[in-house]
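Hi everyone, thanks for coming.

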Amino acid sequence: MIYFDNSATTQALPEVVDTYSKVSAKIWGNPSSLHNFGDQSFNLLEQSRKQIADLLKVNPDEIYFTSGGTEGDNWVIKGTAMEKRAYGKHLITSSVEHPAVHNTMQQLEKLGFEVTYLPVDEAGQVSAADLKAAIRPDTILVSVMAVNNEIGTIQPLTEIAEVLKQYPKIHFHIDAVQGIGKGLHSEIFNERVDFVTFSGHKFHAPRGVGFMYGRRGRKLAPLLTGGGQEKNQRSGTENVPAIAAMAKALRLLLANETQANNNEIAIRRAIADHVKPFEKVTLFSQDDERFAPHILCFAIQGVRGETIVHAFEEHGIYISTTSACSSKKHMVSSTLAAMKVPSDLSTSAVRISLGDQNTMAEAEAFNQVFDELYTEFDKLS
C-alpha cells in the first residue's frame, strides 16, 4: 500500500499508540478529582501542556486542549464574536478557507455579523493590500489559514501580521492544521498572531484531540461551558491519554522537521516533474516558496477526480480529491472555484498529500501507475 492522503489524516505512530495505551491503562483518574489518583492525571496533563509549549516556544498557559481543528476554529471565531460584539460585528477571512472556518463565518452572518471574504490570485494567495483595504472601524477578527488543505498554498502570514500591527485590537487567528511541522514556525508564531489552532491526527496523534494557542491577554468567550476545565475556557473532562500521545507525536514530528520537509519536496517534485509534460494534465500546486512541501494538486482533463482516485486505489495507491471533508459529497473544490478555475477542470482535480514516512520508491511506483492509467483514460476520452 502507498498512502498519499496525509492531509486527510495520518497514521498514529506505534510509539504514540503505546503512550496512549499505557496512560489509558494506568493513569485513568479524572484530572479534576482531589485525590492522588486524580493528581496523577492532572500532573501528566500539565506535563503534556508544558512539553507542547516548550516545543513551540510559547508559554504553557497559552496552550488549551480541544477535540481538534474544527472545534478550535469554531471556538476562536465564535468566541471572538461573542467576546467583542460590543465593539463590532465585522470579520475578515479568505475565500479559500477550510469549511470549519468558512461555514462558521456563514453561521455568524445569519446572526447579524458581516464577513468579508478576501479574493485570491492564481496561486490561491490573498493580498495583504486587499486585507488592509477591507479593514473597518468595526472589524474584530481576521482569520486566515497557514496552508491551504486543497492545493498547499502558504498564505502571506508575515505580511498580514505587519498590516495588523496597525490594528492591535483586532484578533488575528491562523488555522495551522496543515502548517504544523512544515518549516513555518516563525510565520505562524509571529508576535502579532493571537490564536492558532491545531489538530493532532494531522501529525500522527490520535483522532479527536487538538490544541489551541491563545496569546496572553487576548480574550475569547468559551465555546463549551460546564465544569470549568482549561481555566474556565473549555469545559469537559480532558482526554489525558490522547493529550499525552499528542505531545509525544509533536516532539517526534519537530525533531525530524527539516529532513522530513526536504524529503517531501523531493518526492513532490519527482511526481510533478513526471506528470507535468502530459498534454491533459494541469498542475495547481507549483514548485516554489508559495507552496508547502507536502501537497500536490493536479487534474487530468476529461476525467473526474473520483474516477482517478478509485483507479489508483485499485493499484493500492491512496490519494484523494481536493478535500477529505467534501470528497464523498462530490463537491467542486472551493479553492479552485475561488481561483476561477473552470468547473469542468476543477472536478477533475486530485490531491497527493505526503508525510514524513513516504519514500522516493513510492513516488517512482506512483509514476509507473500514472503512465498506465493515463493511457487508459486517454483511450476512454
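R234 is buried, with a relative accessible area of 14%, and buried here means under 20%. Before I go on, please keep in mind that this is a predicted model.

So which side chain does R234 meet in a salt bridge? The partner is E71, and the N to O distance is 2.7 Å. E71 sits in helix 3, residues 69-84, while R234 is in the loop between helix 8 (229-232) and helix 9 (240-255), so this pair links distant parts of the chain, 163 residues apart. E71 is buried too, at 11% relative accessible area.

Now a second pair, D5 and R351. Their closest N and O atoms are 3.2 Å apart, and they form a salt bridge. D5 belongs to the loop between strand 1 (2-3) and helix 1 (14-26), and R351 to strand 12 (residues 349-353), so the bridge ties together parts that are 346 residues apart in sequence. Are these two buried or exposed? D5 counts as buried at 12% relative accessibility, and R351 is buried with a relative accessible area of 1%.

How many salt bridges does the structure hold? The total is 19.

Let's zoom out to the whole protein. You can find 15 helices and 12 strands in it. Its radius of gyration is 21 Å, close to the 21 Å that the globule rule gives for 381 residues, so the protein is as compact as a globular protein of that length. Along the principal axes, the C-alpha trace spans about 70 × 55 × 35 Å.

What share of the 381 residues counts as buried? That would be 55%. As for contacts, take those with a separation of 6 or more: residues 24 or more positions apart account for 74% of them.

Finally, the surface and the charges. The accessible surface comes to about 16500 Å², and 51% of that belongs to carbon and sulfur atoms.

Key
Residues are numbered from 1 along each chain as its sequence is written. This is a predicted model: local features need pLDDT of at least 70, side-chain atom pairs count only at pLDDT 80 or more; totals for chains, interfaces and linings use all residues. Side-chain values use heavy atoms; hydrogens and water are left out. Helices (H or I, at least four residues) and strands (E, at least two) are DSSP runs, numbered from the N terminus. The radius of gyration is taken over C-alpha atoms; the globule rule is 2.2 Å times the number of residues to the power 0.38. Buried means under 20% relative accessible area, exposed over 50%, partly exposed in between (1.4 Å probe, protein chains only). Contact means heavy atoms within 4.5 Å. Accessible areas come from the Shrake-Rupley method with a 1.4 Å probe; for residues, only the protein chains shown count as cover. A salt bridge is a side-chain nitrogen of Lys or Arg within 4 Å of a carboxyl oxygen of Asp or Glu.
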